[in-house]
Amino acid sequence: MKTINASQEVVIPDTVRVSVRARVIKVVGPRGELTRNFKHIQVDIQMRGNILKVEKWFGTRKELATVRTVCTHVENMIKGVTLGYLYKMRAVYAHFPINVITLQDNTLVEIRNFLGEKIIRQVRMSPGVTCINSSKQKDELILEGNDIELVSQSAARIQQSTAVKRKDIRKFLDGLYVSEKSTVVQP
């Protein structure tokens, strides 16, 4: 059965400017700007003052779920350009100390001595994401950026680069894991 109309609204803060044109949403804030394309989703997106309205007419249950999804993406973009996203990762090892180095203006991570292997693992950060070694905590990486998807994707690449092969993963827990998720600017 189809629902006649489903809609949801996102309130835009005063420090952020949002523009919509042909289902492409651009969010500009104090930390920068983010653009996202929603042309693959058949919804109406309108700006009315400082309120963004996402609306779906005559949608099935699956199509109605996209209304909330679009609103959540826009809220994440607003949070990104105002507060920013920060992921902390810790190197965990039992015997061989993992050596992590950041290169090329903090956009490339080199992982050495993982399980005593000679191979050097290189992980490139997504555009707009920087990675630094923590000065306060030993064996900690800090990833920062405005786009939550790019920051989390970069963290996932680092974690997956240290996957243990041909060993019992219950015993060999070495690797780099996300230890904390927060914002750059603390509210």
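Among contacts in the protein chain between residues at least 6 apart in sequence, what percentage join residues at least 24 apart? In this predicted model, the share comes to 59%.

As for the overall build, the protein chain carries two helices and 13 strands. Its radius of gyration works out at 21 Å, well over the 16 Å that the globule rule gives for 187 residues, so the chain is more spread out than a compact globule. Taken along the principal axes, the box filled by the C-alpha atoms is roughly 60 × 40 × 25 Å. Some 37% of the 187 residues count as buried.

Now to one of the sheets. Here three strands line up in the order β1-β6-β5, giving an open sheet with antiparallel pairing. That leaves β1 (3–11) and β5 at the edges, each pairing on one side only. From one strand to the next, the twist averages 20°. Strands of a sheet pair through backbone hydrogen bonds, either parallel or antiparallel.

On one side of β6, the antiparallel pairing with β1 runs over eight bridges, and V10 stands opposite L52 in β6. Strand β5 (residues 44–48) is joined to β6 (residues 51–59) by five bridges, again in antiparallel fashion. Within that pair, Q46 has K53 of β6 as its bridge partner.

Terms used
Residues are numbered from 1 along each chain as its sequence is written. This is a predicted model: local features need pLDDT of at least 70, side-chain atom pairs count only at pLDDT 80 or more; totals for chains, interfaces and linings use all residues. Side-chain values use heavy atoms; hydrogens and water are left out. Two strands pair if DSSP finds at least two bridges between them. Helices (H or I, at least four residues) and strands (E, at least two) are DSSP runs, numbered from the N terminus. Axes are lines fitted to C-alpha atoms, for helices over the stretch in contact, and angles run from 0 to 180 degrees between N-to-C directions. The radius of gyration is taken over C-alpha atoms; the globule rule is 2.2 Å times the number of residues to the power 0.38. Buried means under 20% relative accessible area, exposed over 50%, partly exposed in between (1.4 Å probe, protein chains only). Contact means heavy atoms within 4.5 Å.
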